[in-house]
Amino acid sequence: MSADAPPAAKRGRTEEPAATANLPAAVRALEFYCGVGGLHYSLQRARPDGDARVVGAFDINPNACDVYEHNFGARPIANSLYAVPAARLDKFNSNLWLMSPPCQPFTRQGSQRDKADARAESFLRMLDLLPSLKNKPSHLLVENVVGFETSETRETMLETLCLNGFEIREFILSPRMFGVPYSRPRYFCVAKTKGLQWADGKDEEKDADADGNEGPVQPGRPPVRRSPPRSCLSHPKHWVPRGYEDDLERADPTEATVPRPRREDGQTAAQAAAVAKARHELSSGGDPLGVSPGSVTATYGVASLRGFLEPGSDDVDSSSLWSEHAVPIAELRKAKLSVDAVLPNDRKCNCFTKSYGKFTKGTGSFLAEKRFDFKAWDGELEPEVRGDVAKENEKTHPPRVRYFSPREVANIHSFPATFAFPERITTAQRFALLGNSLSVACVAPLLEYLLNDTEEA
């Protein structure tokens with residue numbers, strides 16, 4: 001595998017030297033938990049005219065720092081945020097904070113230890129620092145998993161932001177709301193200081209329910225929105241590959257539109273999801289798409305996966321993609337009850353996790369040569385037979401199945417074509433880094449919405 005060419009940019013830390021610290025910029029962003037740069041790419045899409053720049057980035061993962069430096073020409077600061085003093089943050093004179101803190105304390109599949117989880121400490125410490133800063137940010141975005149919206153950490157965040165003069169909007173969004181055939185629901189909080197107006201100018205407390213959103217968690221608090229922000233970037237044309245914009249099918253991304261309460265004791269994540277979906281169908285008159293009369297659930301145009309695949313993916317026999325990224329038959333046999341195999345013309349694939357390529361069950365979708373019922377498969381392999389008995393054997397002989405390539409996973413996360421990995425980053429590490437990343441298609445519209453403000457008269 002040849003090395004991807006890095007951009008022609010000066011190498012070094014993203015912390016600015018004193019001589020350039022006061023250069024004017026409309027937006028000066030700090031990236032916390034920056035990973036491979038999904039937040040950075042989102043800011044570039046939200047402000048393509050160049051009046052926004054990242055003046056500092058933080059991450060403690062050396063592989064993520066290598067990839068970030070490879071693409072942006074500056075290396076993130078590998079200090080724990082738990083130990084960064086307020087005076088150091090003040091020196092950046094940043095007016096935008098971008099934050100994607102660890103999700104493990106809040107995931108539905110995990111123990112949901114919330115504030116008691118050590119991995120939440122750094123984010124809580126950043127909230128503690130906010131009141132003591134001389135140069136507080138005027139805008140802020142936080143991304144995390146679904147489940148964060150019912151956490152104590154979220155309550156602490158909202159209280160801190162309100163006490164420090166911020167107005168808040170919360171969203172739960174999935175890339176399928178923006179035309180991307182990817183189920184990855186995430187919680188987002190965007191906040192700006194009072195006195196700056198919002199693009200939609202709404203009184204959230206009065207008319208948010210008209211958009212089909214949840215009721216407020218506390219009296220007087222705006223509800224969590226489950227629909228895209230009012231932004232020019234919310235249109236699928238910005239995220240669907242050229243040539244596929246006119247081939248969108250309507251879908252209801254229930255992974256984001258259906259509220260799921262915190263799991264009851266002894267209840268699995270799947271059981272909680274089933275209960276939530278049943279309630280959703282009942283509230284929409286039994287229509288699973290939620291488009292019956294009186295329903296408040298919107299549908300969205302979603303593209304097929306084909307436009308996000310690497311060239312030559314259709315050529316199963318000769319493309320190296322199918323051999324290089326083949327899923328071993330032994331792995332398919334072990335996980336046959338939970339294999340999520342999709343076809344290029346499908347309009348949905350499931351969330352890629354950091355364990356994609358390492359484990360088969362619950363780590364993301366696979367690409368299959370043809371439709372096959374893995375649950376009905378007995379795990380045995382029949383020899384491929386041509387002629388009259390081919391159909392009978394197709395029932396028990398699984399088709400070729402492969403992992404999506406790292407480039408395809410990056411495409412599905414709406415990373416630009418220029419995004420690349422250093423040669424030394426292995427395939428497993430690439431999957432892990434992308435699994436810990438985010439969807440640019442979700443974040444860029446939120447940033448455009450957040451940064452579109454004017455001073456009140």
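Predicted model: local features only at pLDDT ≥ 70, side-chain atom pairs only at ≥ 80, totals over all residues.
Residues are numbered from 1 along each chain as its sequence is written, and side-chain values use heavy atoms, with hydrogens and water left out.

Tyr356 and Phe366 form a stacked pair, with 6.0 Å from centre to centre and 20° between the planes. This pair links distant parts of the chain, ten residues apart: Tyr356 lies in the loop between strand S12 (349–350) and strand S13 (366–368), and Phe366 lies in strand S13. Strands are DSSP runs (E, at least two residues), numbered from the N terminus. Tyr356 counts as buried because its relative accessibility is 1%, and Phe366 is likewise buried, at 0%; buried means under 20% relative accessible area (1.4 Å probe, protein chains only).

Phe372 and Phe374 form an edge-to-face pair, at 4.8 Å centre to centre and 75° between the planes. Phe372 is buried at 14% relative accessibility, and Phe374 is buried at 4%. One aromatic cluster is formed by Tyr182, Phe352, Tyr356, Phe366, Tyr403, Phe404 and Phe431.

Charges also sit over rings (NZ of Lys or CZ of Arg within 6 Å of the ring centre and within 35 degrees of the ring normal). The charged end of Lys192 sits over the ring of Trp198, 4.5 Å from its centre, and Arg402 lies over the face of Trp322, at 5.2 Å from the ring centre.

Technical notes
Phe/Tyr/Trp six-rings, centres within 6.5 Å; stacked < 30°, edge-to-face > 60°. Helix = DSSP H or I, 4+ residues; strand = E, 2+ residues; numbered from the N terminus. Buried < 20%, exposed > 50% of the residue type's maximum accessible area, 1.4 Å probe, protein only.
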